Amino acid sequence: MSLTLTTPYTEAPAPALAPRELETLRHIASGRTYLQAARQMGLSRHTVDAYLRRIRAKLNINTTAELTRLAISLGL
């Protein structure tokens, strides 16, 4: 399942998030650390970090707090 979003900074739709990016976003928004999310997903911490960098780039979001706010507003 991919998810197309609109960013808070523009009216244009943001690129769709891949399923693993959504899963990563859910873990981080629920309060898990990168390492905890990685262990839960069976990945390395560096892979989780890469997913989060891609999410931030796609959505033009800079902080974990903004990511968490987005995830909560989407009901993730």
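## Core contacts and salt bridges

In this predicted model, Leu-52 touches Thr-24, Ile-28, Tyr-34 and Leu-67, leaving aside residues up to four places away in sequence. Thr-24, which is found in helix H1 (residues 19–29), is buried, with a relative accessible area of 0%, and under the same exclusion of residues up to four places away in sequence Thr-24 touches Met-41, Val-48, Tyr-51 and Leu-52.

The largest nonpolar core has 17 residues, and those with the most contacts inside it include Leu-17, Leu-25, Val-48 and Leu-52. Two or more residues of this core come from each of H1, helix H2 (34–41), helix H3 (45–59) and helix H4 (64–73), with H3 giving the most, 5 residues.

The structure also holds 4 salt bridges, among them the following.

| Salt bridge | N to O distance |
|---|---|
| Glu-21 and Arg-54 | 3.2 Å |
| Lys-58 and Glu-21 | 2.8 Å |
| Arg-53 and Asp-49 | 2.5 Å |

Arg-53 and Asp-49 both lie in helix H3, 4 residues apart, which is about one turn of the helix, and Arg-53 is partly exposed, with a relative accessible area of 48%. Salt bridges that share partners join Glu-21, Arg-54 and Lys-58 into one network.

Glu-21 is buried, with a relative accessible area of 2%, whereas Arg-54 is partly exposed at 42% and Lys-58 is partly exposed at 27%.

Technical notes. Residues are numbered from 1 along each chain as its sequence is written. This is a predicted model: local features need pLDDT of at least 70, side-chain atom pairs count only at pLDDT 80 or more; totals for chains, interfaces and linings use all residues. Side-chain values use heavy atoms; hydrogens and water are left out. Buried means under 20% relative accessible area, exposed over 50%, partly exposed in between (1.4 Å probe, protein chains only). Contact means heavy atoms within 4.5 Å. A nonpolar core is a set of buried Ala, Val, Leu, Ile, Met, Phe, Trp, Tyr and Cys residues joined through side-chain atoms within 4.5 Å. A salt bridge is a side-chain nitrogen of Lys or Arg within 4 Å of a carboxyl oxygen of Asp or Glu.
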